[in-house]
Amino acid sequence: MRRSLLKLLCPLLFLVLLPACTSLPEGVTAVDNFQLDRCLGKWYEIARLDHSFERGLSDVSAEYRRAPDGSSVEVINRGYSADRGAWKEVIGKAQFIDDPRVGSLKVSFFGPFYGGYHIVALDERDYRWALVVGPSRDYLWILARERRLPADVRQRLLDKAGQLGFATTRLIWVDQDRPDA
């Protein structure tokens, strides 16, 4: 009896919890009037909250380009591991969660499992910098088209992240010094 109940509850629990992996943290809103084509290309990771899949990496970048299917985006994340003395690269796929004019996407690097990727602040004029969050306040990235951000922009993004309840004192400021990055 107990095993049959577990067999029934596990898939139901999976279906209930799966959407939570792509949702926005409470009280956080993604940008609107988003234009994907302007976001394509290479971005440098300026800062991030620590997590296992990027731990120890420097010179991290992400490249976004339209996938051949036309409805999704190919995501190529790359960073340098000094411990291994080598580049680490992973390729994923991103899709809009709902309206493509809203900066909320779901990204998968591991098969059918998706995580939320929500742009909550963006240089709307030139698409030169962005503040991106995941499904919880444990995921935060500051990205830019250049390897460094002007001090005033950096402070503006820190202020915004702090207002949204993210632990900005825990940010890792990513070294972007390798000429081969």
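A pocket here is an open set of grid points with protein on both sides within 12 Å along at least five of seven lines. Keep that in mind as you move through this predicted model.

**Stop 1: the largest pocket**

Start with the largest pocket, which has a volume of about 810 Å³. Select F53, N77, V107, F109 and W141. Of the 39 lining residues, these lie nearest the pocket's centre.

Now widen the selection to whole elements. Colour α2 (36-39), then the strands β2 (57-66), β3 (73-81), β4 (86-96), β5 (104-110), β6 and β8 (140-144). Each of them supplies at least two residues of the pocket lining. Which element gives the largest share? It is β6, with six residues.

Next, colour the lining by class. You will find 27 nonpolar, seven polar and five charged residues.

**Stop 2: the cavity**

The structure holds one cavity of 30 Å³ or more. About 40 Å³ of space lies in this largest cavity. Select its lining: C39, W43, Y117, I119, A130, V132 and L143. Two elements give two or more residues to that lining, β6 (113-122) and β7 (129-133).

How does the cavity lining divide by class? Seven residues are nonpolar, none is polar and none is charged.

**Stop 3**

C39 is buried, with a relative accessible area of 12%. Then jump to C21. Is C21 buried or partly exposed? C21 is partly exposed, because its relative accessible area is 33%, and buried means under 20%. Do not look for a sulfur bridge: the structure holds zero disulfides.

**Stop 4: helix α3**

Finish on α3, residues 151-163. This helix has 13 residues. From its first C-alpha to its last, α3 reaches 18 Å, close to the 18 Å expected at 1.5 Å a residue.

Select V153, L157, L158 and A161, the buried residues of α3. Why do they fall on the same side of the helix? They cover an arc of only 135° around the axis, which puts them there. An α-helix has 3.6 residues a turn, so residues three or four places apart point the same way.

Now turn the helix over. On the other side of α3, select A151, D152 and Q163. These three residues are exposed.

Technical notes. Residues are numbered from 1 along each chain as its sequence is written. This is a predicted model: local features need pLDDT of at least 70, side-chain atom pairs count only at pLDDT 80 or more; totals for chains, interfaces and linings use all residues. Side-chain values use heavy atoms; hydrogens and water are left out. On a 1 Å grid over the protein atoms alone, a cavity is a set of points where a 1.4 Å probe fits but cannot get out, and a pocket is an open set with protein on both sides within 12 Å along at least five of seven lines; lining residues have an atom within 4 Å of a point. Grid points are joined across faces, edges and corners, and a volume is the space filled by probe spheres set on the points. Helices (H or I, at least four residues) and strands (E, at least two) are DSSP runs, numbered from the N terminus. Ala, Val, Leu, Ile, Met, Phe, Trp, Tyr, Cys and Pro count as nonpolar, Asp, Glu, Lys and Arg as charged, and the others, Gly among them, as polar. A disulfide is a pair of cysteine sulfur atoms within 2.5 Å. Buried means under 20% relative accessible area, exposed over 50%, partly exposed in between (1.4 Å probe, protein chains only). The expected span of a helix is 1.5 Å times one less than its number of residues. The arc is that of the directions from the helix axis to the C-beta atoms.
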